[in-house]
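Here's a quick briefing to read alongside the model.

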Amino acid sequence: MTDFGITAAAADWQAWQRSWDRQQEWYMPDREDRFRVMLDMVEALVGTAPRVLDLACGTGSITARLLDRFPRATSTGVDLDPALLTIARGTFEGDARVTFVTADLTDPDWPAKLPYGSYDAVLTATALHWLRREPLAALYGQIADLVRDGGVFMNADHMTDDTTPRINEAERALRHARMERARQEGALDWADWWQLAARDPVLAEPTARRFEIFGEHADGETPSAAWHAEVLRAQGFSEARPVWCSPSDTLLLALK
């Protein structure tokens, strides 16, 4: 028996999902708010039975909330992380609405691995900050090709406005103080969670492969929401703007 009631031999995928959610919420206590607004905008713009691409899907957090709210939706999850994909595939095994694809988003040919050539919505959260600006701009062009006319792309991520350094520093100091208090009370951070996964007999091997691929963390960037919107319009979207924000993060929506 591992921590949080996760039985390694039985591979309790829902327990792993809960532990992942708690670890992510340590960094982003408003995580569910961004998911709610994301799905609100899916409903508003493409309806309640969308074909969705869950980009850099991780454990399938977006897919889980999508299908809970819209049972007639379908989802393609794409990621490169073997450990998180192991959890995702275990969680949704047998659900014909969900397909998972292993692909590197920096590979120009990754869209060829997808089961569909177009999607009503492409959704992603807290993932693309792993990329630097040039590969991210190229990825946005590929996403524009995958979104049907009238479809949407949404990215919820860290987006930093460098024109407000004092505000940024004050927000960061408060956020990190709260995180430290939570950690002292037992919350897992990123490193703690991965150590837990590495000790699990089911996840140990894919976790080792994951660190061979990514290392501790990629050297990405967090440009402003204005930068994201400008690049998305340049890559083929007709409209782009924030639809939700916190002091540190933004949910940016682009309409094809």
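Helices (H or I, at least four residues) and strands (E, at least two) are DSSP runs, numbered from the N terminus, and the expected span of a helix is 1.5 Å times one less than its number of residues. The model is predicted: local features need pLDDT of at least 70, side-chain atom pairs count only at pLDDT 80 or more, and totals for chains, interfaces and linings use all residues. Residues are numbered from 1 along each chain as its sequence is written, and side-chain values use heavy atoms, leaving out hydrogens and water.

**Sheet**
- E6 and E7 (residues 249-255) run antiparallel, joined by six bridges, and Trp244 stands opposite Leu251 in E7.

**Helix H6**
- H6 (residues 165-184) has 20 residues and spans 28 Å from first C-alpha to last, close to the 28 Å expected.
- Just after H6, Gly186 takes a positive phi of about 110°.

**Salt bridges**
- The count is 17 salt bridges, each a Lys or Arg side-chain nitrogen within 4 Å of an Asp or Glu carboxyl oxygen.
- Arg34 and Asp249 meet at 2.6 Å, N to O; this pair links H2 to E7, 215 residues apart.
- Arg34 is buried (under 20% relative accessible area; exposed is over 50%, partly exposed in between; 1.4 Å probe, protein chains only), at 1%, and Asp249 is buried at 1% too.
- Asp21, Arg31, Glu32 and Arg65 are linked in a network of salt bridges.

Note on methods. Two strands pair if DSSP finds at least two bridges between them.
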